[in-house]
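Please keep the structure in view while reading.

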Amino acid sequence: MATLPNPLPKLAADPSGHTLGLELPLPPGRLIDTTDNGPWHEPLLWCADTPATLGVWTTADPARRTAGLLPVLLDVGGSQGGPQDWELAPGETSYPGDHDAEEVLAEFWEACAAQEDGEWPGLTATPVSEASGTDPDTLAAQTADALASDPSRVKDPRLALVPARRSADIPAAIGWAGAMNHERDVARLSAVLRSWEDRFGIRVVALNFAQLVVSVAAPPTTPAEAESVAAEHFAFCPDNVSQGTTDGTLRTYARTLIGEHMWSFWWD
């Protein structure tokens, strides 16, 4: 996978993060290079040792502009532990820009949904609500604060910093394997996330072993928009619909998306 120069080693010499342009110091943390096939040749991410507190995302956000390090919350409270135990697989990850989001989703649809739901309906048009004035990065910080204070959604959130070109690339940058039962090359999922960044203003806010949470600046606002987005979600993560609704239908799932500023995906 093509990457930018990795600024994470600077944190070994300056754990505060001041050399990365941070005015307030980072909490205590460590660099992680552990993968399913042994140590990676450079750190994949930095992860805090202490639980995330309100405002910690905003504190770390300047590193996005000054060093290309993007914040994300990692939930280490599950039975699978923290990212050093997640079987990260950067060696099996390609580059998100090499994949077309619609082609990826159409292929997933054909494999998972075509028999019951017909032909792939195509990508959703950009919602009218994109002009609502919601700033995606501000919403991401607000969503991170909401998750950090809600143990029912994220048990033990830790701030992490990941070298990535854009938020959608975070799973690919660390070789996240949470969707391995659905897609082995997570860069293909990041290609879809890039498309959602462009159309809906999403940001990757949280990850655990098998769950992905994004903030959504421009969610669908009508039933028709929501049903179109639901089809993309079904292709991206079939378990959201088949296991996350009472009747396993796109229409029921779509109703949960109208005006919803946070999308969550979980792969069995």
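In helix α4, the residues A101, V104, L105, E107 and F108 meet R188, L189, A191, V192 and S195 of helix α8, where contact means heavy atoms within 4.5 Å. By class, this contact of α4 with α8 has 7 nonpolar, 1 polar and 2 charged residues. Ala, Val, Leu, Ile, Met, Phe, Trp, Tyr, Cys and Pro count as nonpolar, Asp, Glu, Lys and Arg as charged, and the others, Gly among them, as polar.

The model is predicted: local features need pLDDT of at least 70 and side-chain atom pairs count only at pLDDT 80 or more, while totals for chains, interfaces and linings use all residues. Residues are numbered from 1 along each chain as its sequence is written, and side-chain values use heavy atoms, with hydrogens and water left out.

**Helix packing**

- Helices (H or I, at least four residues) and strands (E, at least two) are DSSP runs, numbered from the N terminus.
- α4 and α8 pack at an angle of about 120°, with their axes 8 Å apart; axes are lines fitted to C-alpha atoms, for helices over the stretch in contact, and angles run from 0 to 180 degrees between N-to-C directions.
- That angle makes α4 oblique to α8; angles under 35 degrees count as roughly parallel, over 145 as roughly antiparallel, 65 to 115 as roughly perpendicular and the rest as oblique.
- Helix α8 (residues 186-200) also packs with helix α9 (residues 223-236), at an angle of about 160° and with their axes 11 Å apart.
- α8 is therefore roughly antiparallel to α9.
- From α8, L189, V192, L193, W196, R199 and F200 meet V229, E232, H233 and F236 in α9.
- The contact of α8 with α9 has, by class, 7 nonpolar, 1 polar and 2 charged residues.

**Nonpolar cores**

- A nonpolar core is a set of buried (under 20% relative accessible area; exposed is over 50%, partly exposed in between, with a 1.4 Å probe and protein chains only) Ala, Val, Leu, Ile, Met, Phe, Trp, Tyr and Cys residues joined through side-chain atoms within 4.5 Å.
- The largest nonpolar core has 55 residues, of which L45, L212, F236, W263 and F265 touch the most other members.
- Apart from this core lies another, of 25 residues, including V56, A144, L159 and A206.

**Backbone at E87**

- E87 is placed in the loop between β5 (69-75) and α4 (101-112).
- Phi of E87 is near 60°, a positive value in a residue other than glycine.
- Most residues other than glycine have a negative phi.
- E87 counts as partly exposed because its relative accessibility is 48%.
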